[in-house]
Amino acid sequence: ELDAILRMETPELKGFKYFHHNQIATLRFALQQLQQNRHVMVNMGTGQGKSLVAATLAAKLAREHTTARIFIFTCYKHLAERDEGRFREFFQEMNLSSHLLTAKAPPPAEARVIYTD
């Protein structure tokens, strides 16, 4: 399914025309580690596509584990707000819903990918 995601037309991914080689390598590495039940930590520099990698992994994991909720933690509230908004349509294309978790807005039951700081 990762290959299908990587081949997707991505006009709904605002600002992303295609996946770069470092993003593809990171995705493949992370998935390989997860398949071996290992924890994953990757280090990517500023502007290297961490948000896109996180959203893509979240979509893949949420589709594979149909009852799981995937949480994406950011360092700052504005990054969680930006990324949840930026990738909302991407998740909808994958038949998933996303949500921005705040103290005043707990996630609805159907939210599968949850952004928070």
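The lining of the second largest pocket is made up of 8 nonpolar residues, 2 polar ones and no charged ones. Please keep in mind that the model is predicted. This pocket has a volume of about 260 Å³. Its lining consists of Thr26, Ala30, Leu34, His39, Val40, Met41, Val42, Val53, Leu57 and Leu61. Helices H2 and H3 each supply at least two residues of that lining.

Let us turn to how H2 and H3 meet. The two helices pack at an angle of about 40 degrees, and their axes lie 10 Å apart. That angle makes H2 oblique to H3. The crossing of H2 past H3 is right-handed. On the H2 side, the contact is made by Gln23, Thr26, Leu27, Ala30, Leu31 and Leu34, and on the H3 side by Leu52, Val53, Thr56, Leu57, Lys60 and Leu61. Sorted by class, the residues of this contact are 8 nonpolar, 3 polar and 1 charged.

Helix H3 (residues 50-64) also packs against helix H4 (residues 77-93). With an angle of about 45 degrees between them, H3 and H4 are therefore oblique to each other. H3 passes H4 in a right-handed crossing. From H3, the residues Ser51, Leu52, Ala55, Thr56, Ala58 and Ala59 meet Arg82, Asp83, Phe87, Phe90 and Phe91 of H4. The residues of this contact comprise 7 nonpolar, 2 polar and 2 charged.

| Helix pair | Packing angle | Axis separation |
|---|---|---|
| H2 and H3 | about 40 degrees | 10 Å |
| H3 and H4 | about 45 degrees | 11 Å |

What about the largest pocket? About 740 Å³ of space lies in it. There are 32 residues in its lining, and those closest to the centre of the pocket are Gly49, Lys50, Ser51, Ala54 and Asp83. Helix H2 (21-35), H3, strand E1 (70-73) and H4 are the elements that give two or more residues to this lining. H3 provides the largest share, with 8 residues. By class, the lining of the largest pocket holds 17 nonpolar, 10 polar and 5 charged residues.

Some residues turn up in both parts of this picture. Ser51 and Asp83, among the residues closest to the centre of the largest pocket, also take part in the contact of H3 with H4. Likewise, Thr26, Ala30, Leu34, Val53, Leu57 and Leu61 belong to the lining of the second largest pocket and to the contact between H2 and H3.

Key:
Residues numbered from 1 in each chain as written. Predicted model: local features only at pLDDT ≥ 70, side-chain atom pairs only at ≥ 80, totals over all residues. Heavy atoms only, no water. Axes fitted to C-alpha atoms, helices over the stretch in contact; angles between N-to-C directions. Helix = DSSP H or I, 4+ residues; strand = E, 2+ residues; numbered from the N terminus. Parallel < 35°, antiparallel > 145°, perpendicular 65-115°, else oblique. Left-handed = near helix turned anticlockwise from the far one by under 90°. Contact = heavy atoms within 4.5 Å. Nonpolar A, V, L, I, M, F, W, Y, C, P; charged D, E, K, R; others polar. 1 Å grid on protein atoms, 1.4 Å probe; cavity = no way out; pocket = protein on both sides within 12 Å on 5 of 7 lines; lining within 4 Å. Points joined across faces, edges and corners; volume = space filled by probe spheres on them.
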